[in-house]
Amino acid sequence: MAKEIIIPISEMNIFDEMREPYAKVLTNDAQGLKGIYQKNPDALLDRITACRDTIFHIAAYRGNEEVLQVLVKMVPQSKKHELLKMKNIHGNTILHEVATTTNIKAADVLIRGLLFSEGPLNHEKDIREREEILGDRNKIGETLLFRAAEYGNKMMVMYLAGEIERVGNLKNHYKRDDGVSILHIAVVGQHFETAIWFLKKDPQLATYKDKNGNKSLHLLANMTTAFKSSSLTTRILKELIYYWLPSHSCNDDETDQLPTNLQNKDLEHGEPSKGLNLSERSKGFKLSCAIWGCLAKGWKMIDRMWTQKKMHVSAVKLVKILVRTDASWFEPHEPEEEDTICLERKEDEEERVKKSAATGMESLEPDTPLFIAASTGIVEIVNEILTVYPQAVEHISKTGQNILHVAIMHRKYKVFDAVKNREEAKRLVRGIDNDGCTILHYAADTKNYHGGTKPTPALKLQQELTWFEDVKNKIPSHFTMHRNKKNKTADQLFKEMHQEQLIAAQDWVKNTSQSCSTVAVLVATVVFAAAYTAPGGFLNDGRPILLEKPLYSFFTVMDVAGLASSLTSVVIFLSILTSSLEFEDFRHTLPRNLSLGFTFLFFSVTTTMLTFTATILLLVHLEKKWTATLTYAAAFLPICVFALFQFPLYYQYFVAAVESIFDFLRKNLPGNWEFLQIKDD
């Protein structure tokens with residue numbers, strides 16, 4: 001049985017006293033709070049929440065400048081530093097709370113009104129006490145500057161850094177208790193402009209590691225959403241909007257200079273550096289910003305895309321700085337296997353598995369940023385590292401893998417395209433890792449395959465076949481016979497790993513072909529019957545009554561075209577059902593046949609509806625234009641619905657069919673036809 005809690009009446013009165021100021025601070029009622037605490041000034045420092053917050057904590061994290069101005073004036077001089085040291089249950093002072101907001105003026109009210117209210121610094125004791133207050137840490141070891149970086153307001157970070165430098169050393173704020181640096185936390189929060197500012201302040205921050213041995217560049221290499229190349233592809237309209245959006249901020253967020261009224265007048269570190277001010281930019285840029293700004297206010301999609309693009313640009317700027325301090329690629333690792341093929345393996349399988357497992361557990365150190373970026377598909381980082389350090393392309397990991405192994409196993413097509421044609425990467429295609437696998441083995445392996453970028457099982461399998469074929473064309477021909485330490489060639493591994501995918505693709509093709517054949521037969525039945533029931537009937541000599549009407553010829557042509565196209569699609573789908581449906585069929589034949597079948601089926605449905613429309617117009621003479629318009633709309637409604645739902649699938653198979661035709665031309669025509677190659681995303 002639960003124990004009954006009895007609350008004394010005196011404590012109930014305290015709860016009532018806490019409720020009123022709490023309600024008023026949430027509504028930003030500065031004058032109401034002033035009236036309460038003028039009557040009871042001793043309650044100004046009381047805790048009023050379950051988290052042991054004072055009224056100042058709540059006003060601070062809300063960033064309410066007006067409320068803070070009123071409350072600060074009511075604090076006695078002797079209590080001001082005591083107030084700044086008061087913490088809630090999370091260990092946060094009021095300065096910790098205000099640091100998470102975007103209101104610099106609110107922070108200035110607290111620092112000027114409480115910390116520096118006694119005037120200029122005269123004694124070493126005063127300086128040390130103020131340094132301790134600004135450097136106070138919460139329960140997880142975060143200072144107020146660290147929290148400001150965590151929540152990402154660059155101007156707040158700049159302001160607090162300036163105040164800290166007046167009384168102490170900024171480096172004391174660079175690390176949390178768990179070893180995470182202030183640059184790490186800015187990168188994790190994707191506040192890249194803040195991170196860039198810190199690096200300009202102290203370039204050594206780029207070398208700081210967390211407890212797992214990760215530098216900031218390691219973290220960036222894992223952030224697929226922070227870069228355009230590794231983000232999900234979007235529709236054409238969104239791609240066009242993204243392209244035309246301004247790359248840079250249209251306000252003064254990029255400046256490294258605080259507003260004039262908040263700049264420290266007694267800093268001994270010189271004038272702050274000036275950023276690119278909006279007034280210094282061209283009139284065309286300002287006009288563009290104004291137009292896009294208006295659109296962004298009323299169109300949330302544009303606002304999100306603009307924010308995303310600015311983040312992508314800032315991330316690339318940050319990468320350019322961090323890459324110059326990264327030398328992880330220079331650590332040499334000698335591969336166990338030379339680039340010589342092996343036609344037969346005799347090592348016992350159990351011994352090989354144990355050896356492989358032992359090798360994998362040797363070290364828990366993070367991989368290099370180059371390989372992490374290759375595995376996540378961030379082309380910007382890969383290109384920047386290889387631009388600054390071209391020789392980094394030859395880096396080999398502890399498992400004997402090079403960058404092509406990593407890009408291929410994770411199906412990062414863009415990274416593979418960026419690396420394969422580089423002059424310094426020519427010999428990488430011959431690389432064999434510690435498991436005896438070539439790059440072709442990894443093109444066959446599905447361990448890191450996550451479904452590809454295509455919509456249906458048949459297209460997914462075709463994408464894998466195309467990928468395998470592209471990689472095979474890059475390696476020396478005799479490397480296709482090489483066996484890994486499990487005594488398997490790449491072809492054997494491909495068929496083994498893709499067996500389930502083949503079965504799924506076969507089932508999908510059979511079900512789709514059967515469904516489409518049924519629809520095509522129904523269409524053929526309808527148009528065949530329509531051919532023998534002419535609109536308006538027949539004369540005694542067997543001639544159609546409406547034969548002389550122009551629309552009757554249109555009716556006849558559409559009816560014949562519908563019958564011919566529907567029967568053709570039936571034949572195509574039947575040929576698909578009777579084919580072997582093996583791996584080779586999914587490479588070219590099946591996508592081409594499915595594309596043709598869908599084309600004829602769609603055309604037959606369209607001509608059937610046109611036949612119906614012609615029949616209506618022949619039998620019913622519509623004199624009013626709006627009536628005729630409604631008839632046309634009703635006739636074309638099924639076609640539009642069919643096109644709306646089926647066009648994406650039809651487009652994918654049409655592209656696959658065109659790709660197979662281009663592939664045939666590239667392989668069989670004389671000359672260089674590589675420009676016909678259609679690349680995957």
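Residues are numbered from 1 along each chain as its sequence is written, and side-chain values use heavy atoms, with hydrogens and water left out. Because the model is predicted, local features need pLDDT of at least 70 and side-chain atom pairs count only at pLDDT 80 or more, whereas totals for chains, interfaces and linings use all residues.

The protein contains 29 helices and zero strands (DSSP runs numbered from the N terminus, with H or I over at least four residues for helices and E over at least two for strands). Of its 681 residues, 47% are buried (under 20% relative accessible area, with exposed meaning over 50% and partly exposed in between; 1.4 Å probe, protein chains only). Among contacts with a separation of 6 or more, 76% join residues 24 or more positions apart (contact: heavy atoms within 4.5 Å).

Eight aromatic pairs are present (rings of Phe, Tyr and Trp, the last by its six-membered ring, with centres within 6.5 Å; planes under 30 degrees apart are stacked, over 60 edge-to-face and the rest tilted). One of these, F468 with F494, is tilted, at 4.8 Å centre to centre and 40° between the planes. F468 belongs to helix α23 (residues 457-474) and F494 to helix α24 (residues 490-497), so this pair ties together parts 26 residues apart in sequence. F468 is buried at 5% relative accessibility, and F494 is buried at 4%. F494 also pairs edge-to-face with F583, at 5.8 Å centre to centre and 65° between the planes. Since F583 lies in helix α27 (residues 583-587) and F494 in α24, the second pair ties together parts 89 residues apart in sequence. F583 is likewise buried.

The axes of α23 and α24 come within 12 Å and cross at roughly 170° (lines fitted to C-alpha atoms over the stretch in contact, with angles from 0 to 180 degrees between N-to-C directions). The two helices are therefore roughly antiparallel (over 145 degrees).

Elsewhere, ring pairs link Y413, F416 and W467 into a cluster. K228 lies over the face of Y242, 5.1 Å from the ring centre, and the charged end of K309 sits over the ring of Y242 at 5.2 Å from its centre (NZ of Lys or CZ of Arg within 6 Å of the ring centre and within 35 degrees of the ring normal).

Key: Angles under 35 degrees count as roughly parallel, over 145 as roughly antiparallel, 65 to 115 as roughly perpendicular and the rest as oblique.
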